[in-house]
Amino acid sequence: MELNENARIDTSQVDDRRGSGGSGGMGIPIPIGGGRGGIVGIIIAVLVALVGGGFGLNAMNGGGGSEQGDNTSLQQKCSADDALQQLDCRNTAYVNSIQAYWRTALPEKFGEQYRPSRTVFFSRGVNTGCGQADSGVGPFYCPADDLVYIDLTFYRVLADQLGAEGEFAQPYVLAHEYGHHVQDLLGTEAQMRRQQQRDPDHANALSVKLELQADCYAGAWAKNATGTTDATGQKIFKSITEQDISQAIDTAEKIGDDAISERANRPVNPEEFTHGSSAQRKEWFSRGYDSGDPKSCDTFAGGR
Ligand SMILES: [Zn+2]
């Protein structure tokens, strides 16, 4: 994978709140995971069992209310010559590409206008429209404020604790979260929540469908990513290789609910799955990638 150094990195699509804290007292945990909760992440919460330490699952309820970060230093950094050496600037470029894709694809495929959503970079803890969260929950999307949240140190957890290495794991994670934003815009997410309320026995199974669809949307983006451009028409990616796609598929496998349970030495219980098995996650990312068409991501139509 090679990003294009001539493309302009649009930092207005992120909100840099690192260092601004977002800590608070102990309280009621934010509803996490796809089960019945308010936020949708990329990973099952049992991750915590693996990580521990300063990365614990102590999500707190701070009453929400999003504060604005300060993008000044990020903006400077991402317009410098070595911007693509910087993790945060590269991730901003990935966000740019993912949103450029949906700006075209959403009207074209679903007849809906795309509404941009910023990605909040935070460290340790953050106040969100869904309550207060800490890094332990992993990257997530909050439907209440339409924002994607990520502590970029998550990628180290992904590599060190879960064995998912490779740069392309990063855009995959972000594209998955933007998949949730698209589900929000299309009403899929709200529909799924209503279905969960009507049929609580299948709440987890419904969550799996939502998550696999987000994986599939990530695959559709990956297929079309080299066609995405910045505001001046410069291509954001120079190239994406087969190896990159293999890394994304490998990541999807490593964060399957069964894989994570096994790593945490927990029994694998498919009824408790909220994100899908390794095989399913791999299958749906690949389906999106192979077709390059988000309309093929019909996880709710059965055929799993
Ligand atoms: Zn998710």
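Close-up 1. Helix α8 comprises residues 242-254 and reaches 18 Å from its first C-alpha to its last, close to the expected 18 Å, the expected span being 1.5 Å times one less than the number of residues. Helices (H or I, at least four residues) and strands (E, at least two) are DSSP runs numbered from the N terminus.

This is a predicted model, in which local features need pLDDT of at least 70 and side-chain atom pairs count only at pLDDT 80 or more, whereas totals for chains, interfaces and linings use all residues. Residues are numbered from 1 along each chain as its sequence is written, and side-chain values use heavy atoms, without hydrogens and water.

**Close-up 2. The largest nonpolar core.** This core (buried Ala, Val, Leu, Ile, Met, Phe, Trp, Tyr and Cys residues joined through side-chain atoms within 4.5 Å) has 64 residues, and W102, L158, Y172, W221 and F285 have the most contacts inside it. Helix α7 supplies the largest share, 10 residues.

**Close-up 3. Surroundings of L158.** Beyond its neighbours within four places in sequence, L158 is in contact (heavy atoms within 4.5 Å) with G163, A164, A169, V173, T251 and I255.

**Close-up 4. The β5–β6 hairpin.** Strands β5 and β6 form a hairpin with two residues between them. Their pairing (at least two DSSP bridges) is antiparallel, over four bridges, and D134 in β6 is the bridge partner of G125. On β5, G125 and N127 on one side and V126 and T128 on the other are all buried.

Definitions and conventions
Buried means under 20% relative accessible area, exposed over 50%, partly exposed in between (1.4 Å probe, protein chains only).
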